[in-house]
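Open the model in your viewer and keep the selection tool at hand. This tour goes stop by stop.

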There are 4 protein chains.
Amino acid sequence: MSTFGQVYRVTTFGESHCKSVGCIVDGCPPGLQLTEKDIQIQLDRRRPGQSALTTPRSETDTVTIQSGTEFGYTLGTPICLIVPNKDQKPKDYTETDFYPRPSHADWTYLKKYGVKASSGGGRSSARETIGRVASGAIAEKYLSLVHGVEIVGFVSSVGTAKLKCLNTFLGEDKGAEFFHLMETVKRDVVDATPTRCPVPETAQEITEEILRRKEENNSIGGTVTCVIRNCPIGLGEPCFDKLEAKLAHAMLSIPATKGFEIGSGFEGAKMSGKDHNDAFISDGKGGLKTVKNHSGGIQGGISNGEHIYFTVAFKPAATISLSQETSAYDGEPGTLEARGRHDPCVLPRAVPIVESMAALVLMDALMIQNSRTATSSRLPQIPSEFKSIKPV
Amino acid sequence: MSTFGQVYRVTTFGESHCKSVGCIVDGCPPGLQLTEKDIQIQLDRRRPGQSALTTPRSETDTVTIQSGTEFGYTLGTPICLIVPNKDQKPKDYTETDFYPRPSHADWTYLKKYGVKASSGGGRSSARETIGRVASGAIAEKYLSLVHGVEIVGFVSSVGTAKLKCLNTFLGEDKGAEFFHLMETVKRDVVDATPTRCPVPETAQEITEEILRRKEENNSIGGTVTCVIRNCPIGLGEPCFDKLEAKLAHAMLSIPATKGFEIGSGFEGAKMSGKDHNDAFISDGKGGLKTVKNHSGGIQGGISNGEHIYFTVAFKPAATISLSQETSAYDGEPGTLEARGRHDPCVLPRAVPIVESMAALVLMDALMIQNSRTATSSRLPQIPSEFKSIKPV
Amino acid sequence: MSTFGQVYRVTTFGESHCKSVGCIVDGCPPGLQLTEKDIQIQLDRRRPGQSALTTPRSETDTVTIQSGTEFGYTLGTPICLIVPNKDQKPKDYTETDFYPRPSHADWTYLKKYGVKASSGGGRSSARETIGRVASGAIAEKYLSLVHGVEIVGFVSSVGTAKLKCLNTFLGEDKGAEFFHLMETVKRDVVDATPTRCPVPETAQEITEEILRRKEENNSIGGTVTCVIRNCPIGLGEPCFDKLEAKLAHAMLSIPATKGFEIGSGFEGAKMSGKDHNDAFISDGKGGLKTVKNHSGGIQGGISNGEHIYFTVAFKPAATISLSQETSAYDGEPGTLEARGRHDPCVLPRAVPIVESMAALVLMDALMIQNSRTATSSRLPQIPSEFKSIKPV
Amino acid sequence: MSTFGQVYRVTTFGESHCKSVGCIVDGCPPGLQLTEKDIQIQLDRRRPGQSALTTPRSETDTVTIQSGTEFGYTLGTPICLIVPNKDQKPKDYTETDFYPRPSHADWTYLKKYGVKASSGGGRSSARETIGRVASGAIAEKYLSLVHGVEIVGFVSSVGTAKLKCLNTFLGEDKGAEFFHLMETVKRDVVDATPTRCPVPETAQEITEEILRRKEENNSIGGTVTCVIRNCPIGLGEPCFDKLEAKLAHAMLSIPATKGFEIGSGFEGAKMSGKDHNDAFISDGKGGLKTVKNHSGGIQGGISNGEHIYFTVAFKPAATISLSQETSAYDGEPGTLEARGRHDPCVLPRAVPIVESMAALVLMDALMIQNSRTATSSRLPQIPSEFKSIKPV
């Protein structure tokens with residue numbers, strides 16, 4: 001369905017050629033200072049036409065808050081956010097519409113619903129992500145303001161151009177350079193180049209790769225890595241709603257994603273327990289830290305206070321400016337002619353979407369955990385003899 | 001929370017030292033022939049002590065159906081499934097309990113709940129997966145009986161011993177050998193060796209790797225790959241509940257998982273659109289097929305009838321028979337002494353868990369889609385002039 | 001939360017002084033012919049200013065479909081419906097704002113959220129019901145088109161002016177007149193007078209009662225009775241989501257409601273089993289009918305095909321044009337002066353809200369049952385020897 | 001479905017002739033002292049055979065905690081509660097099974113599911129309520145321990161024998177006697193007679209009414225009234241999940257219920273706004289109280305700290321020891337012969353069920369509100385100039 005979250009709940013709507021796209025955020029805590037500006041920042045990072053690397057279509061996606069705030073503060077009631085579509089007319093049938101576009105959702109939508117949006121993929125349109133980014137920006141504002149949470153996504157690879165330090169846990173430096181990046185990377189450094197890759201050398205390679213594919217009228221895939229710093233301890237619901245499970249769900253719900261790994265990820269699957277296991281040390285503040293953070297900030301499905309880091313794989317954009325041999329809806333083989341402009345690489349624009357989905361996951365998990373903690377904290381203390389279940 | 005699914009809903013309970021573990025399955029279609037035998041098969045594939053490669057602890061996890069069936073048929077009412085625990089007493093405090101076990105959930109559970117199960121990780125116990133496997137077996141029975149769905153998981157790597165044909169989309173044969181395996185692999189071949197790897201050469205390497213780690217008192221990670229054949233077309237809810245998003249959620253909710261990739265996965269992120277895009281051809285039955293299936297059977301979040309295949313990364317088991325330098329709950333450094341027997345490699349036992357979670361995802365998606373199709377099919381036909389939204 | 005329904009899901013937003021009010025309908029079946037006109041009809045029956053009996057404030061609440069349809073057909077994607085507010089500015093603080101209005105939600109909202117909308121009750125505003133009526137109109141269109149469902153609500157009492165035949169099961173005619181009304185009442189007869197009471201004699205009494213209260217600057221409560229004809233058999237989920245439980249939930253979620261009774265209701269609580277029990281007879285079409293329908297069309301939480309009828313109690317509107325002795329937020333006693341115009345009796349306008357909420361309950365229950373039936377119908381037949389569980 | 005609640009979630013299972021009935025409680029706060037004894041108390045008040053007024057079938061429904069506690073404390077993990085059935089065999093087909101029992105769920109279950117439990121009504125069995133009472137007892141323990149909440153239900157009428165002070169808001173004493181009862185009634189007084197009516201005079205009338213119906217081999221309906229004292233302020237979610245809406249949902253989900261009214265209820269529908277409106281006065285502790293509590297402790301869907309009181313109507317038990325003219329499943333008219341013993345009046349046993357369902361509603365609402373309050377309280381204070389939205 002189109003709703004995400006259990007307590008901080010987002011419901012999105014809209015496709016390419018309808019009047020508007022947007023969302024309702026239900027369950028936002030009351031008393032949060034909030035204006036359109038807080039949301040527009042991330043929408044601007046998502047919009048097309050930001051640089052020569054992305055689609056030349058320029059859209060100024062301007063959000064309005066329809067409800068849920070007064071005098072710049074949230075009321076605790078549902079917040080409806082709307083961004084009008086530029087092109088509000090459903091498209092009439094043209095010759096190219098005989099063909100479901102390869103690797104698009106045209107055919108599966110038609111099979112699922114019996115109808116499809118005239119634009120083809122309907123809700124699989126990139127415009128659907130506007131509601132995600134807008135609602136994530138609100139979650140992020142709270143998390144940052146109250147807990148100092150920092151969520152920083154960046155492009156870690158495009159094609160074979162790849163951040164050298166990525167997933168080097170098994171290498172000589174045991175990931176030291178990677179963990180340094182996780183510790184220090186900031187959004188302004190990420191935004192310093194249109195690639196949204198914070199390491200200049202790799203950014204240069206990525207730029208070249210993208211321009212080469214653009215030249216070819218082709219497209220190229222890549223990965224976004226994201227780090228979450230200062231995540232409160234204790235988030236994530238054991239069993240089905242482990243924090244990493246919700247993050248995986250969130251990330252794989254972004255269009256064009258094909259993979260997700262957290263902590264040591266697929267590299268971790270090659271390691272031995274002795275190498276992978278993460279000893280505890282005192283954090284000097286009465287709590288514990290882990291030494292290596294191979295877990296990626298989550299153990300047993302629950303955040304442990306270390307940096308949460310994960311990587312998301314995106315396939316190349318399916319829209320390319322090349323003609324393609326394929327079949328029409330009725331099975332007749334034919335040629336789908338190249339259409340106009342397209343986005344050779346969606347990765348830079350995917351960064352705020354990844355960050356926003358992470359914020360939605362965290363905010364919901366936080367509010368569920370706040371419920372438990374607040375409810376539980378009013379109970380009488382457990383006597384100290386029960387140290388099997390309460391050792392400290 | 002401990003519930004998974006929207007219409008076919010599973011709620012699990014139980015930890016290591018309580019009376020029993022199990023689940024309630026709510027929403028199971030009525031009239032399905034079902035006895036304990038249908039469920040026990042998969043539980044037996046999950047249980048410890050199946051071979052020299054897994055833990056020597058032998059548990060016979062015998063399931064009983066408490067409710068929801070009569071005369072061997074489901075009533076459509078909640079099915080409660082229970083497996084008694086052997087060791088039903090909470091453990092008294094011992095010296096090793098001073099230490100949260102490294103890379104276990106002991107510490108995060110304590111921080112989350114303020115208490116923890118005496119066994120340490122509580123619900124992060126592998127026994128929690130019994131309810132998943134039991135409920136998944138019911139879903140699988142329906143899917144197989146009615147739609148001929150085949151869900152086959154297998155171990156595709158352990159440590160660096162890896163199936164050679166895995167993710168070879170960019171290689172010379174463009175994945176031909178891999179796709180052949182996806183087409184043909186069966187559960188009996190998988191179960192032919194204790195490794196649950198269906199390719200004898202790799203199975204041999206994996207056996208050696210596991211025995212070597214067992215010798216070292218160490219453990220080792222790996223990957224499970226799973227293919228779903230004959231999945232009905234049209235499953236998966238666009239936007240947040242895309243079929244791959246639900247699969248990712250399901251897989252990352254299994255203990256010890258660190259990554260998930262579907263279709264071309266992380267390899268796909270290196271490809272160009274021209275190479276990745278998947279032309280349509282007639283399936284000869286009035287529908288369409290894709291040529292390459294890089295999408296892994298899902299496009300726009302919706303199943304397209306091709307084989308769904310995905311790989312899940314598991315970290316090495318955290319329990320090892322080696323002493324570990326770490327810290328006590330109070331932050332004091334010390335040595336956690338090695339305990340008894342352990343499972344050097346959980347991968348073979350993880351196979352039925354991966355299959356079961358896949359079955360739960362599919363069954364729920366199917367029932368939601370059945371609701372839409374049944375409801376929609378009673379509407380008057382859309383006139384043929386609306387070919388923009390209904391081209392065939 | 002602000003979402004209602006499990007498969008046909010409605011999420012509403014908006015309060016008095018924000019930009020707009022409305023809702024997102026998620027899960028609407030694709031291929032349903034739908035334009036704004038279908039929705040506007042019920043919104044017009046809900047809007048203020050329809051007659052001398054309701055509030056003189058005239059609002060033309062004009063709905064637009066923002067998403068989810070193309071060329072006049074639903075796509076199966078979320079439908080966002082929006083109605084702009086006339087007064088879009090939050091109200092500045094005035095003297096009357098010192099006082100929480102008696103029997104309004106001003107004080108509880110403030111206690112719940114720590115803030116409140118400047119208009120006072122925020123979401124407890126009658127404008128919140130616009131989203132309900134709009135989404136209910138879509139559900140009703142489907143139910144009527146496909147199943148011939150007729151949902152007819154009407155005012156059955158205002159103050160002590162009451163339909164004589166209401167709840168006369170214990171009377172001489174054993175409810176015959178009442179059941180005749182249930183069988184025959186139509187929406188055009190209901191709308192024939194501004195009272196929305198279909199029995200002229202009672203309508204006259206109700207008119208007098210309302211005008212008298214208007215004169216007094218007072219208000220008056222009443223009841224709405226609603227009948228659902230042609231409800232498909234089998235709707236409602238046993239246990240917690242019985243059809244009557246969902247109807248009760250829906251009705252008591254309408255502002256100002258204080259009671260709900262279904263079938264024999266509170267009268268039934270006075271009856272003996274022998275008098276209340278409802279024998280079955282053949283319906284002449286291979287099924288069964290009940291003789292008396294004391295159950296109100298629902299048995300064991302499941303619709304049985306008989307007319308569903310229920311009555312909802314509304315307290316008098318809290319806003320009256322009389323000064324009231326009460327206390328300020330800080331506890332200081334004082335006088336809340338009378339404000340301007342108000343609605344002496346909300347009952348006539350409540351009719352479409354009751355109908356819409358009933359439509360939402362039915363549509364969701366139908367789609368859940370359609371899922372079960374469609375999924376179950378593909379199973380092999382149960383052999384005839386199992387007549388304990390399948391007697392026919 | 002069989003799950004109730006959003007954060008404190010209960011899922012029940014079981015019918016008459018299966019192995020056991022019970023439930024899983026998910027989301028219970030950790031650290032609550034809990035043993036079977038806490039739960040058994042209410043189960044004992046629910047069980048049959050308590051007195052000459054109820055069914056002579058004597059069942060000792062003994063509950064065991066299967067999971068979720070250790071050393072007598074809750075772990076925060078799912079609590080599975082099980083009560084074995086005495087009669088664990090599905091019933092073979094007998095002649096009486098030709099007939100769906102009048103006013104039972106036999107026929108609707110068969111129509112809904114295509115099968116039915118051999119006992120007839122399946123989940124509509126009174127045994128299904130065991131899971132409700134068991135899970136409600138846990139909720140009640142928390143509410144009582146931490147907030148001093150008192151939930152007291154009692155029988156307020158049986159047939160025409162009725163508590164004289166019930167719903168006397170319009171009477172001479174304006175409900176004073178009724179409100180005194182709400183203030184003072186305790187569970188031990190309720191349990192002093194087998195009628196569970198706390199007013200001796202009415203208890204006597206009720207006893208006579210029940211014995212008369214028993215003599216006749218007939219049954220009789222009635223009402224349960226329930227008061228909740230010390231409910232925390234701020235519970236209930238505006239819009240669809242108003243506290244009264246959830247209570248109505250909960251109560252109408254109990255088998256055999258036909259009506260619900262809260263606060264002034266159906267009497268309130270006869271009143272004028274001037275008479276019904278409830279002025280505020282200082283509560284002497286910095287907050288406000290209402291003078292009349294016609295709202296029944298809830299305003300705008302949110303608890304206001306006053307006593308919550310409501311009444312639930314139960315139809316007479318459908319099982320009577322009289323032969324009934326009705327039809328077989330195939331439509332053939334015939335006589336359903338009287339069977340054995342039955343419960344002439346379920347009202348006394350319904351009292352703990354009503355209380356438990358109320359506890360489930362409150363606990364869930366509390367945990368949702370605790371989430372909001374805890375999350376919101378960490379935000380910076382709203383400056384005092386915003387008194388339109390934050391007047392104190």
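Where is the place of Lys174(B)? Select Lys174(B): it sits in the loop between strand S9 (161–162) and helix H4 (176–184) of chain B. Helices (H or I, at least four residues) and strands (E, at least two) are DSSP runs, numbered from the N terminus.

Before moving on, note that this is a predicted model, where local features need pLDDT of at least 70, side-chain atom pairs count only at pLDDT 80 or more, and totals for chains, interfaces and linings use all residues. Residues are numbered from 1 along each chain as its sequence is written, while chains are lettered from A and ligands numbered from 1 in the order in which they are written.

**Two positive phi values**

Stay on Lys174(B). Its phi is near 50°, positive in a residue other than glycine. Most residues other than glycine have a negative phi. Lys174(B) counts as partly exposed because it has 14 C-beta neighbours inside 10 Å. The cut-offs: buried means 20 or more other C-beta atoms within 10 Å of a residue's own, exposed means 12 or fewer, and partly exposed lies in between, with C-beta atoms placed from the backbone.

Now select Ala256(D). Ala256(D) is not a glycine, yet has a positive phi of about 80°. Find it in the loop between helix H7 (243–252) and strand S11 (257–262) of chain D. Ala256(D) has 21 other C-beta atoms within 10 Å, so it is buried.

**A loop aspartate**

Go to Asp343(D), in the loop between strand S18 (333–336) and H10 of chain D. Is Asp343(D) buried or exposed? It is buried, because 22 other C-beta atoms lie within 10 Å. Then pick Ala359(D), 16 residues away along the chain: the two C-alpha atoms are separated by 26 Å.

**Helix pairs**

Select H1 (residues 36–46) and H3 (residues 129–147) of chain D. They pack at about 135°, with axes 8 Å apart. Axes are lines fitted to C-alpha atoms, for helices over the stretch in contact, and angles run from 0 to 180 degrees between N-to-C directions. H1(D) and H3(D) are therefore oblique to each other (under 35 degrees is roughly parallel, over 145 roughly antiparallel, 65 to 115 roughly perpendicular, the rest oblique). Among the residues that meet are Ile39(D) and Leu43(D) of H1(D), and Val133(D) and Ala137(D) of H3(D). By class, this contact has eight nonpolar, three polar and three charged residues. Ala, Val, Leu, Ile, Met, Phe, Trp, Tyr, Cys and Pro count as nonpolar, Asp, Glu, Lys and Arg as charged, and the others, Gly among them, as polar.

Switch to chain B and select H7 (residues 243–252) with H10 (residues 347–376). Their axes come within 9 Å and cross at roughly 145°. The contact includes Leu247(B) of H7(B) and Val361(B) of H10(B). It has ten nonpolar, no polar and one charged residues.

**The core**

Which residues have the most contacts inside the largest nonpolar core? Select Leu362(A), Leu362(B), Leu362(C) and Leu362(D); the core has 444 residues. Such a core is a set of buried Ala, Val, Leu, Ile, Met, Phe, Trp, Tyr and Cys residues joined through C-beta atoms within 7 Å. Around Leu362(D), look for contacts including Leu143(D), Ile228(D) and Cys231(D). Contact means that C-beta atoms, placed from the backbone, lie within 7 Å.

**Chain contacts**

Show chains D and A. Here 26 residues of chain D are in contact with 26 of chain A. Helix H10 of chain D gives the largest share of chain D's side, ten residues.

Last, show chains C and D. Their contact takes 109 residues from chain C and 108 from chain D. Chain C's side divides into 42 nonpolar, 43 polar and 24 charged.

Methods. Contact = placed C-beta atoms within 7 Å. Lists of a residue's contacts leave out its neighbours within four places in sequence.
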